[in-house]
Amino acid sequence: MKQVEKFEINNEYALTVENMNLWYGNFQALKNINMRFLKNKLTAMIGPSGCGKSTLIKSLNRMNDLVEGCKVTGTIKVGDTDIYEKKCDLPRLRKNVGMVFQRPNPLAMSVYDNIAYGPKTFGIKSKSVLDEIVETSLKGAAMWDEVKDRLNKSALGLSGGQQQRLCIARAMSVEPQILLMDEPTSALDPISTGKIEELCMELKKTMTVIMVTHNMQQAFRIADQTAYFLLGEMVEMDDTSVIFTHPSDKRTDDYINGRFG
Amino acid sequence: MTTFVKLKDKMTKENVARAIFAAFAAFSILAVFAIVFFLLYKSFPAFRQIGFFNFLFGGTWSPTNPSLDVPDRFGILPMIAGSVVLTLTSVSLGGVLAIFTAVFIVYYCPKKIKPVFNQLVNLLAGIPSIVYGYFGLTFLMPLLVQLFHVPQAYGLVSSTVILSIMLVPTIASITKNSLESVPMNYYEGALALGCTKNQTVFKVCLPAAKNGILAAMILGVGRAVGETMAVQFLVGSGDNYPGLFLPFRTMTSSIVLEMGYADEILHKPALIAIGFILLLFILAINLCLAAVKRNNSISGNKLFNRKIRESENAVSHYSWHKTGSLQDVLWILSCAVSLLVALSLLFIVFFVLIKGVSGLDFNFLFGKSGNAQVTLAPAFLSTGMVILLSLAISLPLGIGAAIFLSEYAKKGSRFVKTINLFIDTLSGVPSVVFGLFGMVFFGNILHIGINLLNGSLTLSLIVLPTIIRSTEQSLTEVPDSMREASYALGASKVRTIFKVVLPQALSGMITSVILSVGRIVSESAALIYTAGAVAYMPQSYLSRGATLSVMMWFFNSADGIENAPSKCFATAAILIVLVLILNILVTVVEKYFRKRSNK
């Protein structure tokens, strides 16, 4: 069987977006985006509703392909590989660029099978290897102790926060290099949110994390870099401390200081 | 530098899967065209020798009368009149019964007995039409003779009564669905104005559901025109235009009653031609249905607009009255009608069961069957064989088609619209027409002959639409977020469908299997001339064999059967018990899966 390779990431940027435009039918949702995401750092994307940040994050592993009438121009590269090239191998892309969604979406299977589903997709059959992956992933998502006695029960019976951490564990089960998180805590209570934020701080030690968030305090707490979006444009991207204290663009300043949005 | 990206999977394996599913979906189109083409092809000799207009507008049907010229023997105008008149009377009566019943179930039925009532309606739908017919023949007709002091009761009255009861579940269930989808705020809005509940139901909710009710009535028309086995017991077979107590024919009853002894030269082609004309009726009805479904917009109420304009000039002294007595009457009517429907169902069930039990003994059920004594043992085997093979054919086809429609197809594309139209058309084709097609195409053109294989092939076409629709329904209920989760892990579309989506749609697929089994068990018109009506144990799929329903027809029509009525009732009782079990199974399966998904 052919090996599914990781992407080669040789410089400090894991992911680069160049001159990217995106249309839904005739509506241009993203305008000339240029961004570089630092390797093994957490980058947050903030901005008011409808500014295009979710659209952008969904383009990074081509989940937007599922949207009818969606058209992309420009280049998005993981390492040196253009993911919008015709011969791009989608399963390889999505294995290495994982995703966690806004609402927890566990599959209608047991906890165990939820985690094992990804590795099985990529040809791992051995029960002992799968067991190991399930345990590591759940430990990685800091929920092994909570679910180790109910691995064979339906994942749909978990609480919302547990479901979301399960989804993170599931995303990690295929050892992604980059993890995309689309408002992962917006449907959760403050305690679950705290747990997920802690988890993110752990995750970024080994992988690049890109997160869309509505919550500016969250970005301030956990992000190394922050990008501000408005009306389909990326206004400004810099170290989080800079964005929150001395933004160079007035629009960012207005948003951060609550004068707008 | 700028790359334009076509967002399409290029992987060949995926494309192959897509093509296969699309082919399965397109199969319904092929089936409908094949039915139309081969019936026309085989009825061509009749049209040529009789003349299309002589055939259609001739007033005499007397195929074996040597004193008439050939073109004068084959006139089907009385049959067309019979079908049309019977359809109109029974859809009117059945429609009224069904709408009142639906209103009762949705708005008035106490919560506790609502599931029971729904079950009763489903049961009403599940009883084989031959059982209804036999009930009419043995209970209703003698009753009518006594009540009206007529010499015999074949005719419009008896057939209308039975057929309208048979139409109730079809019309009621669709009416019920469209009433349930009337937005709650209509109801609340009317109540908030001070309308009584009855006024709200009959003046606001019922009119709001009128499109769905119209669709239900048209579907009822299709069922009524195509109904065969019940009708052939009740209309008699007189060469008359329909009358209250006058034996007449319908298109369907002539086909099924005469096919057994028709000669190959002209009589058989003429019967097939009747089937073709019947098919044209059904296609026209289906087009009406499609048009109604498309026209789902809410039209403005002209009366209301005018009243507003008048009131602008009115002097401001109104006097307020209490109204709504008409709606109170309607409320009482709807309770009475639904009670009547429920009681008639229970009566039919118990009548058949009580009459049937006395005829049941071990020897009749499982004894060796032959010329000397006819038993049901071969029928059990034949029924099982037919169920197995037709499901083995139609399940993969149907599930594949459903996968294409819900997972691959672009909603609203022309291809999908066409496929949907043809699936609906296929589900509206009467079983007697399927029977003719099986006889002509599988039996004659493919040289399969008349045997269980032919019967199973024919039945697999009949149950295909049920399987497609039921599976598609449960596939669309699987939330998109689960598909996204799978794709985001890098899983392919095929893997996502088979590992994530299909397992979730299991309950729908199992339901479709049970419904199909019910349909197969109760089918007789499509089997008599494809699988045969014999009393012998089938040796293989290449021997003839009669299912339980066909055995009822056999007992009633074959010569020299000892004690035929008691055997008919016994078989009918077994059929009803089977239908009851299948109905309970559907409920159990749905409950089980609902519980599992809530856990």
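These legends describe close-up views of a predicted model. Local features need pLDDT of at least 70, side-chain atom pairs count only at pLDDT 80 or more, and totals for chains, interfaces and linings use all residues. Residues are numbered from 1 along each chain as its sequence is written, while chains are lettered from A and ligands numbered from 1 in the order in which they are written.

**View 1. Chain B meets chain A.** Here 24 residues of chain B are in contact with 32 residues of chain A. (Contact: C-beta atoms, placed from the backbone, lie within 7 Å.) On the chain B side, helix 21 (480–488) and helix 22 (493–504) each supply at least two residues. Helix 21 of chain B gives the most, with 7 residues. (Helices are DSSP runs of H or I, at least four residues; strands are runs of E, at least two; both are numbered from the N terminus.) Sorted by class, this side of chain B has 10 nonpolar, 7 polar and 7 charged residues. (Nonpolar: Ala, Val, Leu, Ile, Met, Phe, Trp, Tyr, Cys and Pro; charged: Asp, Glu, Lys and Arg; polar: the others, Gly among them.)

View 2. Domain 1 covers 12–42 + 362–543 of chain B, and domain 2 covers 51–295 + 327–358. (The bounds come from an automatic or database domain assignment.) Taken over C-alpha atoms, their centres are separated by 25 Å.

**View 3. Strand 7 of chain A is largely enclosed.** 5 of the 5 residues of strand 7 (residues 178–182) are buried, so the rest of the structure largely encloses this strand. (Buried: 20 or more other C-beta atoms, placed from the backbone, lie within 10 Å of the residue's own.) In a regular strand, side chains alternate between the two faces of the sheet. Ile178(A), Leu180(A) and Asp182(A) lie on one side. Leu179(A) and Met181(A) lie on the other.

**View 4. Strand 7 of chain A has partners in strand 6 and strand 8.** Strand 6 (residues 97–100) of chain A runs parallel to strand 7, joined by 4 bridges. Met99(A) has Leu180(A) as its bridge partner. Strand 8 (residues 208–212) of chain A also pairs with strand 7 in the parallel sense, over 5 bridges. (Pairing: DSSP finds at least two bridges between the strands.) Asp182(A) stands opposite Val212(A) of strand 8.

Note on methods. Contact = placed C-beta atoms within 7 Å. Buried ≥ 20, exposed ≤ 12 C-beta atoms within 10 Å, placed from the backbone.
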